[in-house]
Amino acid sequence: MADRRSQLVTRVRELLAEALGASRERSTAAQVALTAARERAVRIRRAAAAVPERVGAERDRRLAEIDSRHAARLAVLAREAAEAAAREAPGAGSADWPEWRPSPAERAEPPGAARIGTVRLAGTDPVPALVALLDAGHVALDGDADGCAAVVSALLLRSLGRAAPGTVRLVGYDPDRLGGGLAGFAPLGPAGLLTFVGPGGLGRLLDDLVEQIRRINETVLAGEHASLRDLAAATGRRPEPWRVAVLLGGEELSRHERGQLDRVVRAGAACGVHVIVRGVPIPDEPSVTRVTVTADDAWIGHLPVRLDPPPPAALVTETCRGIASVVSAGPAPTPFTDLLPPPDQMWREDSATGLTAPIGEGPDGRPVLLTLGDYPPHALIGGPSGTGKTNLIFAWIGSLAARYSPAELEFYLLDFKEGVSFARFAQGRRDPSWLPHMRLVGINVNTDREFGLALLRFLTEELRRRADAAKKHEVTKLAELRAVDPTGHWPRIVAVVDEFQMLLAGRDAVAREAADLLEDLARRGRSQGIHLVLASQDVRGIEALWGRPALVAQFTLRIALPKALRILAERNDAAQSLPKFHAVVNAESGLTEGNEVARIPSAGDWETWSELQHRLWRMRPAEASPARLFDGDAIPRLADAPDFRALRAPEVGTPRGPVALLGEIIDVQARSAALRLPRAPGRNLAVLGTRVDEACAVLDAAARSLARQHRPGSARFSIACLDPDADPAARALYEDLADDAAWYDEETVAELMAETADALGAPGGTGAPHYLLLFAVDAAAGTLAARTGRATGLENLRRILHDGPERRTHVLAWWRGVARMRADLGGTGARTDQIGAWVALDTHGGELGPSLYPGNTGPDWYPRPWRGLFFDRAVHRTGQTIIPYGPAR
C-alpha cells in the first residue's frame, strides 16, 4: 500500500512536476507572447501615430505637384495668350502709350483687335485684354463715364493707328456734350474723316448707315463674297472704308431708330459698319462685345480687366493731324504698270469699232475703262493746276499705245501751256526713241494759236478724205470702210489738245474758225474714227465753247479731276471731294448716274515711261518715222528745212521762177513759207518792222534759198546794208554768196539804183536774174532823195519795183515801218501793188490795210517775238504766220 502510495505520490509528483514544468513553459510562452504582443502593440501604436504625418506629407507633395503643373500650364497659356494678342493686335493695336505709334496693316491685311487693358493672372505677366471692332463687331459700354470715355478713346486711336490713313471714317453722336466726348479727334474733320451729328440727327445717321450697308451688299459684295474682309483677302484690295459710329447717350430711341440700329448691329460688321455705344440700348447679338466699366476696372463678360489709362490728349491730336495731312495730300498713286497688258499681249487689240483701255482702278479694285468710238466719241478733261491732268493724259496714252499698234491708232498732241512734257513722245537729242503711234507733238504753243488752228484744218482735211473714201465704197462708218478696204490705211486718230481754251480765247478770226472746225470735227468725226480729247484747267470762261451747245453735247465722255468745275453736269459735284490721283469718269455727259471714280496711276515722270516707250519703239514697223515735233520756243534752221534741202539748180530755166524761202509756216507739216519769183509784175518782197534780227533772218533765208537754185555766176545778188545793226548779218550773207554778191552801203546805194534802173531799159532781153537785198532801205531816204543823173534814187527804186520783176530783177527790201515804205513809194496815196508780197514783224494789223491787205481793216495780226505774218497777193486769201529761220551761222 505504501509502495502504491509512494508510487502514486511519486506519480503525482511526477505529474505535478510535469504539470509545473508545462505550466512554467506555458507561462514562459505566455510571457513571451505577452512581450511580443506588447511590442507589437507598441509598434502598432507607433505606426498609427506615423500615418497622419505620412499622409499629410504625401498630400502636400501631391498638392505641390499639382500647383507646379498648374503654374506651368498657366504660364504657357499666358504666353500663348500674349502671343495671340500680339498677332491679333500688333503694333498700334496693343503697344503701351509711351511707345505707341501708328502702324497701318499691310494692304488687305485685317487691322486686328484693340487693347483696352490687361488681365492679370497669379504668377504670370499681364495679358492684353482685346476688343475686336473693325471687321468684327460692335462695342456696348456701361458704367463709369470717365472709364467709358477712356475705352472709347483707346478703341478709336488704336483702330486709326492700325488702318491706312483715310480708311477709317468716324461719325460722332454726342447730344449731351455736343461732340466734346470726341474733341481730341477733331483734326480729322477737315479731311472728311470725322463728322458730328447734332441732337435729333440720330435717325438720319442710322438711316445713312443702313443705306451704306445695303449699297455695299448690292454693288460691292454682290453675292460673290460674304464680307468686305473676305473680299479683301481674296482680291488684295479693300474697296470701302470702315465706318465707325460713336453713339454717346441721348434720349430714348424711337421705334424706327431701334429698328435701324438693330439692322446695323446684325448686318453692319460684314460691310465694315460698326457702332460703339454708351447709354444706348443695343440688342444682344454675337457680334456685340459688352464692357462694364468701374472706376479703375472693367468686365468683359465675366472676365475682369484692369483698364489702361486713357491715351494722352497730345498723342490723340498729333496722330489725327498726321492722318488728316496724309489724306488731304491724297493717296500715293498706283504703279503705271498696272494699266499695261503683259508684253506678249501688246498690240493685239483691233480698233475697228473703237478704242478701249483702262485708266485706273475703281473703289472695288476693278479696272475703270475709257472708250472712244461711236459712243462716246470725244472726251473733255478738266482739273485745276496740280491735280494730275497731264499725268492722266500720259496714263491714257500709255494704256492705249500698249494695246493698239500704230496701224490701229495715231496720236496728235498739242500743249498750249508752257512746258515740254509732251516732247518725250518725239525723237530727241538725248533719247533717239519715240512713240511709234505719234504723228505730231506740239509744245510751247501758248502764243501760237495758229498751230492749233492748223491741226484742226489738217484733221478736217483727213475727215474729208475718209468721208470721200466711205462714199466711194458706199459705207458710212470707219468699221465698214476698213472691212471693204482692208489694204487702206485707216487707223483711228486721237487728237489731244491740252489747255484748249487758249485756242478759243478772244473774239478774233482764229477763235471763230477754230470753234467752227471743232464743231464740224466733233459732229462728223465719230463716224470716221477721229476723236478729240480737250483738256483744260477751267472751262467756265470759254465763250466760243459754251455758246455752242451742239459742240459741247458731242463731248459725252467727261473726266473730272479734283475740284474741277463745269466738266460734269451742273448738279454733279462728285469731283469736289476727290483726293489727289483720282478722277470722276463719266460717259453720260456728266450726269450723276454715270459717275465712276478711278484711281489714276503715276505716269508723269520719264523713268516710268521710258521702259514702255523703248519697248514699243523696238516693236515699231520698219517704215515708221519719227513724229513731227513743233516747239514754239525753238527757232528753226534753214539748213534743216525739208523744202530748202530739196532745192536744186534746174538744168534749164523754169517758167515758174525760183522760190525764196522766208521762214517756217506754223503748220502740221514742216513746210516753208515760199515766195515764188516768176517774171510777173509785183514779184517783190517787203519786210516790215523794226526788229533787226528777224528782218535780217527773213532776207538771209530768201537770199540763200535763191542762191541754191542758181549755178555759180548765173545770178547776181546786190546787198545794200544801210543800218549798222544789220551789218553783221548782211556781211555774213555777202561773204557766203562770194563772187555772185556785190556790197553797197549808204554812199553807194544810189549808184546801185541808178545802174539797175538803167539796165532795165537796155536792149538785149532780160539778162541774168538780179536780186536786190536792201537792209533798212528807209535809212537811206535822204541819200536816195538826191538826184543821180536823170532821176532820184527813190524814183529809180520805184521804177525797179514796177518794171524789174518782168526782167528778172526783184527787190527784197526791209522797211522799218509801213509809213516809211509808203513814203519811199510816193506818199500816203501811192500805189503799193508793186509790192506783191510782204512779211510783217512788229507791225500791227491795222497798219497793213487796206492797200496791202484785202478788206478795210487789215488782218487780225498781233505782233509777238520771232513771228511774222506773210501775205502774197498772188496766192493768199489770208496771211500765214511764219517763224523766221535762225541765223545761218
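Visitor: In which sense do β4 and β6 pair, and over how many bridges?

Guide: They pair in the parallel sense, over 6 bridges. Two strands pair if DSSP finds at least two bridges between them, so β4 and β6 qualify. Note that this is a predicted model: local features need pLDDT of at least 70, side-chain atom pairs count only at pLDDT 80 or more, while totals for chains, interfaces and linings use all residues. Residues are numbered from 1 along each chain as its sequence is written, and side-chain values use heavy atoms, with hydrogens and water left out.

Visitor: Which residue stands opposite V168 in β6?

Guide: W242 does. On β5, the partner is also parallel to β4, over 4 bridges. There, Y173 stands opposite V197.

Visitor: What makes β4 "mostly covered"?

Guide: Of its 6 residues, 5 are buried. Buried means under 20% relative accessible area; exposed means over 50%, and partly exposed lies in between (1.4 Å probe, protein chains only).

Visitor: What is the strand order in the sheet that holds β4?

Guide: The order is β2-β1-β10-β9-β8-β3-β7-β6-β4-β5. These 10 strands form an open sheet with mixed pairing. Helices and strands here are DSSP runs (helices H or I, at least four residues; strands E, at least two), numbered from the N terminus.

Visitor: Why are β2 and β5 called edge strands?

Guide: Each pairs on one side only. β2 covers residues 127-131 and β5 covers 194-197. From one strand to the next, the twist averages 30°.

Visitor: Which sense of pairing joins β9 and β10?

Guide: The antiparallel sense, over 4 bridges. β9 spans residues 297-300 and β10 spans 303-307. A298 stands opposite V305 in β10.

Visitor: Which helix packs on the sheet and touches β3?

Guide: Helix α2, residues 145-162. Among the other strands it touches are β1, β4 and β10. Contact means heavy atoms within 4.5 Å. The direction of α2 makes about 160° with that of β3. Axes are lines fitted to C-alpha atoms, for helices over the stretch in contact, and angles run from 0 to 180 degrees between N-to-C directions. Helix α3 (residues 202-221) lies across β4, β5, β6 and β7, at about 155° to β6.

Visitor: What makes D135 and R238 a salt bridge?

Guide: Their closest N and O atoms are 3.2 Å apart. A salt bridge is a side-chain nitrogen of Lys or Arg within 4 Å of a carboxyl oxygen of Asp or Glu, so the pair passes. D135 sits in the loop between β2 and β3, and R238 in the loop between α4 and β6, 103 residues apart. The structure holds 43 salt bridges.

Visitor: What do E513 and R457 tie together?

Guide: Their salt bridge has its closest N and O atoms 2.9 Å apart. E513 lies in helix α11 and R457 in helix α8, so the pair ties together parts that are 56 residues apart in sequence. E513, at 28% relative accessibility, is partly exposed.

Visitor: Which residues are linked in a network of salt bridges?

Guide: K389, D415, K417, D498 and E499.
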